[in-house]
Every structure is written in structure tokens, then in C-alpha cells.
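The tour goes from a sheet to a helix and then to the confidence values.

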Amino acid sequence: MAAYDVILVGTGFASSFFLRAWLDRAASGARALVLERGSDDTRDWQLSQRRVSSTDTALTFVNETPAKAWGFSVGFGGSSNCWAAGTPRFMPVDFRLRSEYGIGRDWPIGYSDLEPFYDAAEEVMSVSGPADNGHLFPRSRPYPQPSHQFSRPDLRLKSTFPDTFFQQPTARARTATGRRPGCCGNMVCRLCPVDAKFTVRNELGHLYSDPRVTLRVEARVLEVQTRGGIASGVTYEMNGGVQDATADLVVLGANALFNAHLLLRSGFSHPLLGRRLHEQAAVDVAVDLDGLDNVGGSTLITGQGYMFYDGPHRRTRAAAMVETLNPLTLRLERGHWRQWMRLTISFEALGLEENHVAFDPARPDLPIVSHGATSGYTQRAVDNVPALVDELLAGLPVESVSIGEPTRQEGHIIGTTVMGDDPATSVLDRNLVYHGVHNLIVLGSGAFPTSAPAQPTLTLSALALWSAKAVLG
Amino acid sequence: MSEERNGVDDVGSNGVAGNTGTTGEAGGAPRWHPGRRSFLGALLALLAALSGAWGIRREWVDAIRSVVAHRLDFLDIDPAGLTAFGRDVEHDARVPYPPHFNLYSRMPVQVWRWMPDRDALARLERYVVQKYLLSTDFFPRGADESRTVRYVAYFDRYERPCTNPFLRS
């Protein structure tokens, strides 16, 4: 049986950031085994197929509530292949929602705990961001890259909301890094034609060539093995055979569906394991403008608005975050070609215990996913969209507005392995260690006790670095 | 933002125009009596099946050119360029051709809005017209309607990245 110092499951953001931290600390003879269930779909393959993965994610789980979809990508690099690269931080108050507003749960750590790790994650991703949002997100240093350029409608919004509307922090590079070019506004970020957005492959792919690392793709972990209350290794399937590997440390870095399912399949039985599955709700809004061209925006998502995010309303309805987008779409009316804009308004959600991931012995390979309930807290915010839109667009020459139905998914899977200080009310401790199993770490947004309306990727990446520091020293 | 709404498909699939009427296609179509509509649909399906058997793909390209000429009839379009665009559309696997297009391609585009598949035909029109305009010098020259519109190259962000004409304010 092969023995390693650490076994990591998955090659997405969380695993790769943890691996980076581990390599920084590991001796030259240390050994890491990384197991990726998907394929290594090269960038040439992706471009030739115009797909980010050869794995159909719909076949990787059972969705018992199809009205609610779940977006992610399977394969080397995980969902870094398909993300849009929005990288806002959470606001300090997002970590203490219960204390401030009596809603949801507090995190066991605060913004100031995570701030140095936000910095480090932004540095790795070469995040581009504005210089004027520090009053919302206290920072110890500037963003690594300058901000992207606003569109003309964005500039109007900025003049109306100078303290709450900013260029979106993003890992779509504003200027070239050593490994990727700057974004040139192709507006198809899922598979960037020029590789300008951060992916594991383009910025962290070198980690997997380190001689201390053994990467196995198309290797699906079947079980986390434990002995005497410690994790001893994993059993995995590859090339039609089943193999075991042992390690001093086991780190799960798959997404929140697969991490929870693997633990349940392995016999872990915390009553909250798999529970509180959630993600943000969102509504798209299309606005026809009268005489104002939507030009000048240098990337797909240019603006991010916090005017409806925090405040006393959060006692009764969810925080909302606004994004302005510039897809390369025309308004097919003579002379009005670009006189339109698109918004997405995202809302925080609460982790309800009836929404869950389950293990079914009759279908052991597939997480059974059920999400039939939406909290009244979130629904009240969604119902309030028309009022928000009226207030938001008051300074713009609006011809007409069309508000869409809530979207089916936002590509953010949250909950299922919630962190906290009390083992009775959380699955993981504040360092993402499974309560009672000191050498089993479960990374990712599954640990989030609550979801802010902001995208979770930067926060889960920072959390991986936080966990590595706590566990590895 | 969901990646689903920022899909990989090229122009026409990553916007919200289809949901919002921002392209002007929505509205104006007549209501159809269900029985009359289903009868016409069945008839169209039969004719489409027959015409498909004859293999009349050439009409598809003619129809694409007609869509552009009809929807942009206020522009002076370089005819050779439009022909070249039609040829290039043939190689685009992402064109959202509706069912029965063998039949529709032989009809005047002006009557498409009365057909049972009018929503699908409208999607096709939207795709083709956007694709054409973004493939020309129209926007780089300031959307000047007084100049002849010339075809530059088929607009494909993977084949010709970094050609977004709206980056400059």
C-alpha cells in the first residue's frame, strides 16, 4: 500500500491553494498524492471542443429537485475552468450575521482573521480591483492589479452611488501576469479565448509538476478510511481497479456535493453532515436605455453595487448585491444597438436543514441532492427586486425594464459541512478540521455557515490558506 | 453570476435579449387558433420532410442572406461581402436553425413571423443579424449608416479574439 504525507481529493481552488501552502512548508522528501475524479482536459482540447470539461456534470449526481440546478465543472482544475472570476471579499458583517441581525449563524472566525489570507489569495490570482472600496473591506495592501474600466452606464451609477458602487474585483486580469494575458473583452468567460482569467491550470498548474506531488486523474475516491478516530487514508478507483493509499493527513477539496457524499459514504454520521445545502438566489434584469450607449466596459462584469447589501433590512430580508454586465449582445433596433444594459442582482441565502446531500447505498456513486425549500428571508428580498431596480436606475435614462425569473443556479454550492466551534451544531471546527478527527480537513464553501450575496470563490480560497496555516503551522 | 448565462456559445446565446424583447422581435405576432395552428404545423412537417429528402441546403444560405438584407434594409450592404458571409454561415455549427428550416428557407422571410415556429425563427434572425453586424466594419466605423457596410471576417471570438468593437468609450 502506498504511503504519503498528505492525500488531497480534488484539484479545484480549495485543493490547489492548500497544496500550494503545503509545498511551501514540506521537506524535499515529502510526498503528496492528489486524486482527481475527472479528466485532464487540456486547454487545446477545451478550445477545440469549446467545452471546459469532458465530464457531463448531470451524470455525477442525482437531482431530486430539478427546478434547482447546480453548476460546477469536473476535471483537472475543477470549477476554475468554468467560473466567471468574480472575486469580491465578504464584508466584515457577513461573518457575524446572527450577532448583528439575529439571522442565520455567526462564523467561528471573523474578517480580520481571514484578511491576511484574502490578501494572499488575491496575490495568487492577480486580482484586479478598485482603490476606493476600503471603507467596506478594510485591506492591508492594495489590489495586485488596477481596476477594470467602467462602461458608460456604470459611470452614471458611480455618480449616483459613489460610496457603494465600484469596479468588480476580478481575476480576469486587467494587465498581463507572468502566465496569462490581460482580458481583452471577449465576454465569453466560461472558456476565455485568450486564457486571461485565473484558472488552476494557468497559474497553479506548476504545483502538480513538483516532484513531491503525485497527481492521478480519473481516480475517484470511494472511501475515507479511519482507524481509532484518525483518518488513515483513502480507497480509490482508477483504471478499473481499486487501490488504497495511506497518509498522515487527508484533505477533501472536492465541491460541497462530493465532499459531503464521500464522508457519508465513508460512514461519518454527524447529524448536520450533508445538511444546510444552499446557494445565493439571483435575478437578471435587462434595461433598454434611451440615448445612452453601453460602451467602454473593459470586461464582462464591470460594476458591483453594495447599495442594497448591508443595513437594517437584513433583519427581515436578505442582503442584495448588484452586478453590471456587458455581454456582446446587440439591441436589434436601428440606432439603438448598444442602448441597453444588463444587471444581475444576487441575494444571500440561508442554509435550511431540509436541503441536503444524501448517500443512498443502492446508488453509492451518486450524491442524492435535494433542495426544495427557499427561506422566507431570501424570498422577501427577491420579491423586492422591482423596488430595488427603481432606486438603482433613478439616475439613468431608462426606456424599459424587464425583470427575469430567479435563475436556476449561480454556480456556488454552499453548506453541507458547516464550520463552527460547537461540535453539536457544526461538522468542522474553525480550521476546517472534522470535529473529532484531527487529521481530516474538509475544504471549500461547504464550510460556510452563511452565504453572503457575494461570490464565494475568493473566500473559500482564503479559507484553504487559513486552514493550511492552522494545521501545518 | 452564473456561468450558464455566460455560455461558451458565440454571439446570440449569452445575452438576455431573447427573454426581454430588447431586440424588438417580441410582440406583433398574430394569435393562432389552436386547431388551425396544429393542422398547419402538421402540413409544414410533411412538406419539410419531403423537401429535406430533396436536399436543398443551398436555399438555407439564400435565406440567411435574405434575413440580413431584410432586417438591415436601411443599410447599404456590400453584396459580395454578404455572399461571403452566407458561405461562412454554412460552416457555423452553432447557428440555431429551427425545425422545418428546409421549408422555411424557401419562404419569404417577411412571412416567418406568421409561422408556428416563429419564436425559433426569430432566434435564428437575431443570431444571424448580430453575427453579420459584428462581422463587418459597421461598428468599428462608428455605426455610420451613410457608408457601405463591408464584411471583414466571420465573427468568432475563438478564431478572432480581442475584436470587441465596444471597448472604447
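In what order do the three strands of the open sheet in chain A lie? The order is β3-β14-β13, with mixed pairing. Because β3 (62–63) and β13 (356–358) of chain A each have a single partner strand, they stand at the edges, and one side of each has no neighbour in the sheet. Strands here are DSSP runs of E of at least two residues, helices are runs of H or I of at least four, and both are numbered from the N terminus; two strands pair if DSSP finds at least two bridges between them.

This is a predicted model, in which local features need pLDDT of at least 70, side-chain atom pairs count only at pLDDT 80 or more, and totals for chains, interfaces and linings use all residues. Residues are numbered from 1 along each chain as its sequence is written, while chains are lettered from A and ligands numbered from 1 in the order in which they are written.

Select residues 368–370 of chain A next: this is β14, which runs parallel to β3(A) and is joined to it by two bridges. Val369(A) is the bridge partner of Asn63(A).

Move to helix α10, residues 457–472 of chain A. Of its 16 residues, 12 are buried (20 or more other C-beta atoms within 10 Å of their own, C-beta atoms being placed from the backbone). Trp466(A) is one of them. Just after α10(A), Gly473(A) has a positive phi of about 90 degrees.

Finally, colour chain B by pLDDT, the predictor's confidence in each residue from 0 to 100. The chain averages 75. Confidence is lowest in α1 (residues 17–20) of chain B, at a mean of 27, and highest in α6 (residues 118–134) of chain B, at 94.

Conventions: Expected span 1.5 Å × (residues − 1).
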